[in-house]
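Good morning, and thank you for making time for this item.

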Amino acid sequence: MVTLSPKALNHILQLMVEGGITPDTHNLRVGVKGGGCSGLSYVMDFDDKIEPTDEVVEADAGLKVVIDRKSVLYLYGTQLTYSDGLNGKGFQWENPNASRTCGCGESFLL
């Protein structure tokens, strides 16, 4: 399923604190949508709902990662990482299913 690197998890938890929400009330929803320069784009947001068809992954610190049924096929085995180095700052998707990604790493093709 989808995993979070320790650095990504820490940054997500920090964003939750800054937004005034907690893992008790909100989940991290990740998925894919059509678009982007390579065909599919990654999406993520905080959500307070879990639909009956969602897949739920328990991360550390009580955070739940929620994935809609359609996106599970595209994201299986993907790790979400976070970089704060000199070459760029932000979340990065390491998706073993992607055959091609764009330069910014936010869209992909299977």
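How many residues lie between S6 and S7 in the hairpin that they form? There are two residues between them. Please bear in mind that this is a predicted model, in which local features need pLDDT of at least 70 and side-chain atom pairs count only at pLDDT 80 or more, while totals for chains, interfaces and linings use all residues. Residues are numbered from 1 along each chain as its sequence is written, and side-chain values use heavy atoms, with hydrogens and water left out.

Strand S6 covers residues 79-85 and strand S7 covers residues 88-94; the two pair in the antiparallel sense over seven bridges. Pairing here requires that DSSP finds at least two bridges between two strands. Within this pairing, Thr81 has Gln92 in S7 as its bridge partner.

Now the chain as a whole. Its secondary structure consists of two helices and nine strands, arranged along the sequence as β-α-β-β-β-β-α-β-β-β-β. Helices (H or I, at least four residues) and strands (E, at least two) are DSSP runs, numbered from the N terminus. The chain has 110 residues, of which 36% count as buried; buried means under 20% relative accessible area, exposed over 50%, and partly exposed in between, with a 1.4 Å probe and protein chains only.

I turn next to the salt bridges, each defined as a side-chain nitrogen of Lys or Arg within 4 Å of a carboxyl oxygen of Asp or Glu. The count by this rule is four. One of them joins the side chains of Asp84 and Lys7, at 3.0 Å from N to O. Asp84 belongs to strand S6 and Lys7 to helix H1 (residues 6-19), so this pair ties together parts that are 77 residues apart in sequence. Asp84 is partly exposed, at 45% relative accessible area, and Lys7 is also partly exposed, at 43%.

Are Arg29 and Asp47 buried or exposed? Both are buried. Their side chains meet in a salt bridge of 2.7 Å, N to O. This pair links distant parts of the chain, with Arg29 in strand S2 (residues 27-34) and Asp47 in strand S3 (residues 40-47), 18 residues apart.

Finally, Lys49 and Asp48 form a salt bridge through their side chains at 3.4 Å, N to O. Elsewhere, salt bridges that share partners join Arg29, Asp47 and Asp54 into one network.
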